[in-house]
Amino acid sequence: MNDLGKTGEEAAAEFLRGKGYEIALQNYGRKSGELDIVAVKNGRLSFVEVKARGYDAYGGPLLAVSKAKQNKIVNAALLYIKETRPKFDTITFDVITILDGKIEHIENAFTPRRMTL
């Protein structure tokens with residue numbers, strides 16, 4: 001991971017803490033995919049992808065979360081749930097974008113077609 005990515009993930013985790021989230025895990029990686037941040041708030045388990053950019057090129061950071069990337073995040077989330085058995089009421093897949101130091105949190109940024117636990 002490059003310095004901007006690492007700094008971005010730390011900033012995103014701090015931002016989420018400020019919004020009342022508990023950070024359960026950062027940088028969970030498996031062959032099938034990786035999770036930048038796993039956060040919990042009010043029974044909601046959020047898998048958060050962080051995209052940090054120094055400039056707005058190629059449509060900005062949100063466009064970097066392609067369908068293929070989403071599938072990898074979902075696969076990693078399923079493994080995380082199977083391995084850790086966390087307690088939760090709902091699941092969301094969120095994206096935090098950081099562009100020129102401005103943080104934006106998009107809750108429920110995408111919904112998997114199907115997710116079998």
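A: Start with the side chain of Gln70, where a polar atom lies 3.2 Å from the backbone oxygen of Val65. A polar contact is a pair of N or O atoms within 3.5 Å; within protein, one must be able to donate a hydrogen and the other to accept it, and residues adjacent in sequence count only if both atoms are side-chain atoms. This is a predicted model, in which local features need pLDDT of at least 70, side-chain atom pairs count only at pLDDT 80 or more, and totals for chains, interfaces and linings use all residues. Residues are numbered from 1 along each chain as its sequence is written, and side-chain values use heavy atoms, with hydrogens and water left out.

Q: Is Gln70 buried or exposed?

A: Buried means under 20% relative accessible area, exposed over 50%, and partly exposed in between (1.4 Å probe, protein chains only). Gln70 counts as buried because its relative accessibility is 13%.

Q: Which residues is Gln70 in contact with, leaving aside its neighbours within four places in sequence?

A: Contact means heavy atoms within 4.5 Å. On that basis Gln70 touches Val65 and Phe110.

Q: How do strands S3 and S4 pair?

A: Strands of a sheet pair through backbone hydrogen bonds, either parallel or antiparallel. Two strands count as paired if DSSP finds at least two bridges between them; helices (H or I, at least four residues) and strands (E, at least two) are DSSP runs, numbered from the N terminus. Here S3 (residues 44–53) and S4 (residues 90–99) are parallel over 10 bridges, and Ser46 has Thr92 in S4 as its bridge partner.
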